[in-house]
Amino acid sequence: MTDTAAPATDPTVESTGPNEHGYRTFRLGGFTFHRDEHFAHVEWPTGRHVLSIEAFLKALMRDVAWNFFYGIVNFDAVIGTMNHYGNVDLFAGRYNDAYRKAELDHQENFPHEQIMATFKAILADWTNDGYDPFAAPQETGSPFGEKRGDNLAAITRTRVTASRMVGVPGDEPLRSDATGHPINRMFADVPQDEPTVEPAPGYEGEVAAFNLYAYLSRSDVTWNPSVVSVCRDSLYCPTTEEFILPIIHGNDRVEWFVQLSDEIHWKVEDRETGEPRANVVMKAGDVAAMPADIRHQGYSPKRAMLLVWENGSAELPDMIAQGKAPKTPVEF
Ligand code: PHB
Ligand code: FE
């Protein structure tokens, strides 16, 4: 990687020169990050942790692309981030009962820009040529081994975020072969016809419709919700899933899931402790509301289409903390 291509030239990013495997080491407050051929190593004043470089890069990719997302992004049962929308906690063991009881957990708070710049720099330096952290395992190369070039095109993709709806003039475009989005191998049978729209005269710019299944069949990434329609705080964020959600998401609001095709298995745990709460197997047509006080990770045996329906209101986390909004949308 040349220094001109590297976001690590950001002056707030602290890093040292390449190690014996060619990778830089990064420091963020009391945390240090280094990688070798197989693993990411994270150290903090009271402990250290090791995880597969593949799992680490996939989780880091989501955290960066989603701007630290809603609530908590657990990379695994030990490390992760908690978004306070403006500043972000980086933690180790904070949401792990055993670390808490042993008082070995650690967390530090950083301005959004500082942690983002450091995470982008790590991602850029540690992602090798031919490896795409967003891709399904069978659709990308290997993240392992000595440093081998980079893959800046894959890691700087912009997330689809419609301001009204995909396909509306001036908004996010539809996908086609011409836009570089061929139909995925797993969705070869998905019809590609588009709806006929017949607006009354004068409403031509106001009425739009598109084939969401065709749109999703052409997604080149996995576990990456796109905002395809927006109605005030109501956000439709469908995504295509294959293999394992690379993060364990700690919700800070209720999320609705609509299984649009195939099947996903969810492991649902207590958000604070990680204690198991439910296993949910969702088949095509199933709808679930995931509570605001859980964390979850999805397993998708075959590429599947999932609609994640979010309430994007900035007020929700505080309302839930104060008991003004419920943790579940329905009570039985
Ligand atoms: C979620 O945490 O709710 C989530 C995240 C990414 C996905 C699907 C669901 O692709
Ligand atoms: Fe979630």
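1. How far does a polar side-chain atom of His-296 lie from an oxygen atom of ligand 1? The distance is 3.2 Å. The model is predicted, with local features needing pLDDT of at least 70 and side-chain atom pairs counting only at pLDDT 80 or more, while totals for chains, interfaces and linings use all residues. Side-chain values use heavy atoms, without hydrogens and water, residues are numbered from 1 along each chain as its sequence is written, and chains are lettered from A and ligands numbered from 1 in the order in which they are written.

2. Ligand 1 sits in the largest cavity. A cavity is a set of points, on a 1 Å grid over the protein atoms alone, where a 1.4 Å probe fits but cannot get out; sitting in it requires more than half of the molecule's atoms within 2 Å of its grid points. Strands E11 (234-244), E13 (255-259) and E17 (294-311) each give two or more residues to the shell, with E17 giving the most, three residues. Strands are DSSP runs of at least two residues, numbered from the N terminus.

3. Around ligand 1 there are 15 residues (a heavy atom within 4 Å). Those that come nearest are Trp-223, Glu-241, His-249, Glu-255 and His-296. By class, the shell holds nine nonpolar, four polar and two charged residues (Ala, Val, Leu, Ile, Met, Phe, Trp, Tyr, Cys and Pro count as nonpolar, Asp, Glu, Lys and Arg as charged, the others as polar).

4. E17 also pairs with E14 in the antiparallel sense over six bridges (pairing needs at least two DSSP bridges). His-296 in E17 is the bridge partner of Val-268.

Note on methods
A polar contact is a pair of N or O atoms within 3.5 Å; within protein, one must be able to donate a hydrogen and the other to accept it, and residues adjacent in sequence count only if both atoms are side-chain atoms. On a 1 Å grid over the protein atoms alone, a cavity is a set of points where a 1.4 Å probe fits but cannot get out, and a pocket is an open set with protein on both sides within 12 Å along at least five of seven lines; lining residues have an atom within 4 Å of a point. Helices (H or I, at least four residues) and strands (E, at least two) are DSSP runs, numbered from the N terminus.
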